[in-house]
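Hello,

Here is the structure I said I would pass on. My notes follow below it.

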Amino acid sequence: MHCKVNGVWKNLRYRILTIDNQTYILDMGHFFWKFFFPFFFWMFPNKVYQVNNQEIIEELKVPDPGRMKTDPKEIAAGLIVGLSANSIWLLGYYFNLPGTPLFNTIIVLIAFFLVLLGFFYINKRCQKSIYQVAHLKQYAMTRLWIRPPSYKNVFHILFMYLSFIGLIVLFCYQYIRFPNALYLLAGILFLLFLLSLSFITVPVGNTTVKFKGDKKAAS
């Protein structure tokens with residue numbers, strides 16, 4: 001089935017799907033593990049909520065000045081995660097001396113954990129933001145498969161995915177062997193690129209979808 005995909009204002013987690021004049025909101029962040037394997041967005045069915053209220057859809061597309069205010073809690077949490085990650089980076093820098101592989105591995109794991117924590121926090125904030133406009137769980141839910149727009153898109157994402165994994169492994173291995181902060185920083189950056197890769201599996205534009213069981217109603 002033909003599907004038109006639109007983005008949500010300042011919210012990477014959700015997409016607005018228009019299928020046969022019906023509007024659905026796709027939740028890409030419901031299963032956090034899909035961010036590690038972006039191809040699963042195509043291989044497994046995804047949750048969508050049927051929201052045909054055009055006022056809500058337009059509000060999600062166009063910013064509401066009241067929702068654009070920054071939450072102080074969001075700033076505080078972002079600063080804590082940012083400072084913690086920066087502390088790990090500085091720790092790696094000042095320990096740019098021969099150390100045990102175990103110690104260096106622990107630093108890498110802590111740094112990666114903080115990155116995942118920050119990414120998880122952003123994912124939850126995106127959910128909270130959209131629920132201020134529409135509590136999706138009150139709408140009919142169904143599942144559908146999303147097809148990639150083209151084979152070119154598949155090969156493009158596959159190439160980037162394998163490249164990012166290879167670079168993450170390379171820089172982490174280099175840091176464990178030769179503890180230099182630049183290796184750790186590069187590994188963190190490519191981990192962020194890898195996690196963000198899932199957002200382009202469902203790009204804005206036209207694609208095709210298939211409802212699970214060929215049903216449009218919620219199960």
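**What was found**

Seven of the nine residues in strand 2 are buried, so the strand is mostly covered. Please bear in mind throughout that this is a predicted model.

**Strand 2 and its neighbours**

Strand 2 pairs with strand 1 in the antiparallel sense, over five bridges. One of these pairs Val-8 with Asn-11 in strand 2. The two strands form a hairpin with two residues between them, and Lys-10 in the turn has a positive phi of about 50°.

To strand 3, strand 2 is joined by six bridges, again in an antiparallel arrangement. Here Leu-17 stands opposite Tyr-24 of strand 3. Strand 2 and strand 3 also make a hairpin with two residues between them; in that turn Asp-20 has a positive phi of about 50°.

Two helices lie across this part of the sheet. Helix 2 (residues 54-61) lies across strand 1 (2-8), strand 2 (11-19) and strand 3 (22-27), and runs at about 45° to strand 3. Helix 4 (residues 101-131) lies across strand 2 and strand 3, at about 50° to strand 2.

How do the six strands close up? They form a barrel in the order 1-2-3-4-5-6, with antiparallel pairing. On average, neighbouring strands of this sheet are turned by 45° against each other, direction ignored.

The protein has six helices and six strands. Along the sequence they follow the pattern β-β-β-α-β-α-α-α-β-α-α-β. Of the contacts with a separation of 6 or more, 76% are between residues 24 or more positions apart.

**Surface and burial**

Of the 219 residues, 40% count as buried. The protein exposes about 12300 Å², and carbon and sulfur atoms supply 68% of that area.

A nonpolar patch on the surface is formed by Phe-31, Trp-33, Phe-37, Met-43 and Phe-44, which together have about 490 Å² of accessible area. Trp-33 is found in the loop between strand 3 and helix 1 (40-43).

Is Asn-153 buried or exposed? Asn-153 lies in helix 5 (residues 151-177). With a relative accessible area of 15%, Asn-153 is buried, since the cut-off for that class is under 20%. Leaving aside residues up to four places away in sequence, Asn-153 touches Trp-42, Pro-148 and Ile-200.

**Where to look**

If you open the model with only a few things in mind, I would list these:

- the two hairpin turns, with Lys-10 in the one between strand 1 and strand 2 and Asp-20 in the one between strand 2 and strand 3;
- helix 2 and helix 4, which both lie across strand 2 and strand 3;
- the nonpolar surface patch that includes Trp-33 and Met-43;
- the buried Asn-153 and its contacts, among them Trp-42.

Regards

How values were computed: Residues numbered from 1 in each chain as written. Predicted model: local features only at pLDDT ≥ 70, side-chain atom pairs only at ≥ 80, totals over all residues. Heavy atoms only, no water. Helix = DSSP H or I, 4+ residues; strand = E, 2+ residues; numbered from the N terminus. Buried < 20%, exposed > 50% of the residue type's maximum accessible area, 1.4 Å probe, protein only. Contact = heavy atoms within 4.5 Å. Areas by Shrake-Rupley, 256 points an atom, 1.4 Å probe, with all protein chains shown as cover. Pairing = 2+ DSSP bridges. Axes fitted to C-alpha atoms, helices over the stretch in contact; angles between N-to-C directions. Patch = residues over 30% accessible without salt bridge, like charges linked within 9 Å, V, L, I, M, F, W, Y side chains within 5 Å. Salt bridge = Lys/Arg side-chain N within 4 Å of Asp/Glu carboxyl O.
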